[in-house]
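Open the model in your viewer and keep the selection panel at hand. This tour goes from stop to stop and says what to select at each.

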Amino acid sequence: MRRKFSEISGTEPVTVGLMATDEASRGLMEEFLPHILAELKTHFPEFTWKVEVAPDTALVAGSLSPVKMIDLAYLELLERRWDFCVVMTGGRLDSRESPSAWLMASVSHSSAVISLHGLQSLPGGREATKTLFLNLFLEALARLNGVRRAEVPALLREEKVLPYDTRAMEKISMHLRELVEAVPREELREMSRLAWYLRIVFRHPVWVARSVTSLRPWAMVYRSTRLLFASLATTILSLMTIEFWDLGMGQNIWRTALLAVGLILLATLFVIWKHRLLLRREGEMLSVHAAVFDVATLISVFLGFALLFALLFALNVFLSMALFPRALVSRWLALDTEKVPLSAYFRVSLFVSCLALIVGALGAGLEDSEYFRFMLYGSRKG
């Protein structure tokens, strides 16, 4: 029987983990820790809150990129069974990943990185430092729950801790309720990983959809130069080869379409395996966070390749019909008909798109793994 929220909230705290990359960041984090807890209790008093500081000072090397920091924060989150993880670093964030250079959040990882660079030199002394620190923390928490409270430059100008508005609080509270509705460990032990993933998809579709959207799967298509170049080059070369036209026209449209779906899935699994996108801890138990992360990653890469295939197919149809008139194709292939049927263009385009997709996936596999993770998980907003 499903427990009521009022029964869960008293026994299932929402846990926020904090990590530091250097002594200065850890000092600020520990100094303002009571204020973090006070703000959480003030904004969301219906939940029981718990804030934990990772015992090691430099759990993350300061020289690592923000994407790598978020990866390591996510692994720490899984191991310690936190609900959110926030990394504090004294270094300035890479502007390519976070234009503001102050904050980067990943909904799929339930983790964020906050740069404390320059906090000490702020005019206004310790009170101004505390205000900005809390504003950045509350903004990170909001983004991890699918809410954008304000742009970071606006937070820097605030002289007080900026509260959540009513809409943001309702949206965040809804997500927090999903977190505290934990599944008993006895039930977890009896459940397979596949059954657990399906359970999460059906019970938390909004969370999964929000994670997929935050990954921006469409960006993979145009940001991976190797994937794009390999697929486009294959498309052009194939259309100029008579053998591909001859072979493509002999294919059944529905069978080729089914083949395309299988190839999209195969390309997805290949890229996930090649770049090790599904992070794991040894002996990891089933958890909501891991399921959402894995499902969102799988769906995002699949959608990226599906979009690539759709664009390749549209391009193939356009180029084949624009450059190869029906009468020309008929003479080229020595067919008995005066003009080839229009369906021939769709058959050839489907067949060539399948080949281009395979080569494109191989090109994506040649990308640097950290760069590919940045394309998928990196933030392009401040």
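A salt bridge here is a side-chain nitrogen of Lys or Arg within 4 Å of a carboxyl oxygen of Asp or Glu. Keep that cut-off in mind for several of the stops. Note also that the model is predicted.

**Whole chain**

Start with everything shown. The secondary structure comes to 18 helices and five strands. Of the 382 residues, 51% count as buried. Now think about contacts between residues at least 6 apart in sequence: 79% of them join residues at least 24 apart. The accessible area is about 17,900 Å², and carbon and sulfur atoms account for 61% of it.

**Helix α4**

Select residues 66-80. This is helix α4, with 15 residues. From first C-alpha to last it reaches 21 Å, close to the 21 Å expected at 1.5 Å a residue.

Is α4 mostly covered or mostly open? Mostly covered: 11 of its 15 residues are buried. Pick some of them out, including Pro66, Met69, Ile70, Tyr74 and Leu77. Asp71 and Glu76 are also among the buried residues. Both return below.

What do the buried residues of α4 pack against? Show four strands: β1 (14-20), β3 (84-89), β4 (103-106) and β5 (111-115).

**Arginine 373 and aspartate 71**

Stay on α4 and bring up the side chains of arginine 373 and aspartate 71. They meet in a salt bridge, 2.6 Å from N to O. The pair links distant parts of the chain: arginine 373 sits in helix α18 and aspartate 71 in helix α4, 302 residues apart. Buried or exposed? Arginine 373 is buried, and aspartate 71 is too.

Side chains of opposite charge can pair when their charged atoms come close.

**Arginine 80 and glutamate 76**

Move along α4. Arginine 80 forms a salt bridge with glutamate 76, and their closest N and O atoms are 2.6 Å apart. The two are four residues apart in helix α4, so about one helical turn separates them. Color them by accessibility. Arginine 80 counts as partly exposed because its relative accessibility is 31%. Glutamate 76, at 8%, counts as buried.

**Arginine 81**

Just after α4, arginine 81 takes a positive phi of about 60°. This residue is not a glycine. Its place is the loop between α4 and β3. Arginine 81 has a relative accessible area of 36%, so it is partly exposed.

**Serine 110**

Now look for another positive phi. Serine 110 has a phi near 55°, and this residue too is other than glycine. Find serine 110 in the loop between β4 and β5. At 2% relative accessibility, serine 110 counts as buried.

**Alanine 105**

Select alanine 105 in strand β4. Its relative accessible area is 21%, so alanine 105 is partly exposed; buried means under 20%. Draw a distance from its C-alpha to that of valine 86. The two C-alpha atoms are separated by 8.8 Å, and the residues are 19 apart along the chain.

**Serine 25**

Go to helix α2 (residues 23-31) and pick serine 25. At 1% relative accessibility, serine 25 counts as buried. Which residues touch it, leaving aside neighbours within four places in sequence? Serine 25 is in contact with Ala20, Met88, Thr89, Gly90 and Leu116.

**Glutamate 139 and arginine 143**

Select helix α5 (residues 125-144). The side chains of glutamate 139 and arginine 143 meet in a salt bridge, 2.6 Å from N to O. They are four residues apart in the helix, so about one helical turn lies between them. Glutamate 139 is buried, with a relative accessible area of 0%. Arginine 143 counts as buried at 9%.

**A nonpolar patch**

Select Trp218, Tyr222, Leu307 and Leu311, which make a nonpolar patch of about 390 Å². Tryptophan 218 lies in the loop between α10 (205-215) and α11 (219-223). At 40% relative accessibility, tryptophan 218 counts as partly exposed.

Note on methods
Residues numbered from 1 in each chain as written. Predicted model: local features only at pLDDT ≥ 70, side-chain atom pairs only at ≥ 80, totals over all residues. Heavy atoms only, no water. Expected span 1.5 Å × (residues − 1). Buried < 20%, exposed > 50% of the residue type's maximum accessible area, 1.4 Å probe, protein only. Contact = heavy atoms within 4.5 Å. Patch = residues over 30% accessible without salt bridge, like charges linked within 9 Å, V, L, I, M, F, W, Y side chains within 5 Å. Areas by Shrake-Rupley, 256 points an atom, 1.4 Å probe, with all protein chains shown as cover.
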